[in-house]
Amino acid sequence: MNQKQDGRSPSTRERILDVSLRLFSEQGYDKTSLREVAENVGVTKAALYYHFPSKESVLSALLEQAHVLGAHGVIFFPTAEIARDPGRLAAFAIRAIDTVLSQRSVFLLMERNRAAIAALPLPDQDHGDLHRQMEERWSALLRDSAIPLRQRVRFASALGAVMATAMGSLRGLGDAGLPALRQELALAVMDILEIPASSRPPLQESIGES
């Protein structure tokens, strides 16, 4: 298991969440057992139950992490003011790409396990409704008549390209190709949004890891 960015080794609880996120994202919540999680972490089921009394509590903890990301979800929803400024729109697009690619496991978790998430009794209604809130924000953007229809169609196309590529990075493209993937995806999104070359920022060589 890799060390955390601050140099310390991840705790057993963190390792359980890391493995659960991977398994729930790759094969689905319903098809993953806590025994399988424990075996992949290298602990007994008793040790796992010490930290999480049920599979539902593991999913709830993962959604708490997703809520931190979703709380900043406004970066996926440009305003009309941003849309009118090619430079700001380009910067917005790069931030969205970096966030989605670096947190691709979280997005895949939420996408693949909607039924399990909807059925989960969450005490915090705000993060329990996170997915719906993000969908409502996106719908409001697409209905915003202050943004030309042509641009709204391109926003929808660009977001679709980002999300589809993020899902593909888990299913077949692989981590080793992420820097090149990011660059190609950024170029594609800039083209979709019709951002002129003079307003496009230079692309960095790497992205953050989830």
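Ala 90, Ala 93, Ile 94, Ile 97, Asp 98 and Leu 101 of helix α6 are in contact (heavy atoms within 4.5 Å) with Leu 181, Arg 182, Leu 185, Ala 186, Val 189 and Met 190 of helix α12. By class, the residues of this contact are ten nonpolar, no polar and two charged; Ala, Val, Leu, Ile, Met, Phe, Trp, Tyr, Cys and Pro count as nonpolar, Asp, Glu, Lys and Arg as charged, and the others, Gly among them, as polar. The model is predicted: local features need pLDDT of at least 70, side-chain atom pairs count only at pLDDT 80 or more, and totals for chains, interfaces and linings use all residues. Residues are numbered from 1 along each chain as its sequence is written, and side-chain values use heavy atoms, with hydrogens and water left out.

**Whole protein**

- The protein has twelve helices and zero strands; helices (H or I, at least four residues) and strands (E, at least two) are DSSP runs, numbered from the N terminus.
- Of its 210 residues, 42% count as buried, that is, under 20% relative accessible area, with exposed over 50% and partly exposed in between (1.4 Å probe, protein chains only).
- Among contacts with a separation of 6 or more, 66% come from residues 24 or more positions apart.

**Packing of α6 and α12**

- Two packed helices are described by the angle between their axes and the distance between the axes.
- Helix α6 (residues 86-102) packs on helix α12 (residues 178-192) at an angle of about 140 degrees, with the axes 10 Å apart; axes are lines fitted to C-alpha atoms, for helices over the stretch in contact, and angles run from 0 to 180 degrees between N-to-C directions.
- α6 is therefore oblique to α12 (under 35 degrees is roughly parallel, over 145 roughly antiparallel, 65 to 115 roughly perpendicular, the rest oblique).

**Packing of α1 and α2**

- Helix α1 (residues 12-27) and helix α2 (residues 34-41) pack at about 125 degrees, with their axes 9 Å apart.
- α1 and α2 are therefore oblique to each other.
- On the α1 side, the contact includes Arg 15, Ile 16 and Val 19, and on the α2 side Glu 36, Val 37, Asn 40 and Val 41.
- This contact of α1 with α2 has five nonpolar, three polar and three charged residues.

**Helix α1 itself**

- The buried residues of α1 include Glu 14, Ile 16, Leu 17 and Phe 24.
- At 1.5 Å a residue, the 16 residues of α1 should span 22 Å, which agrees with end C-alpha atoms 22 Å apart; the expected span is 1.5 Å times one less than the number of residues.
- Gly 28 follows α1 and has a positive phi, near 100 degrees.
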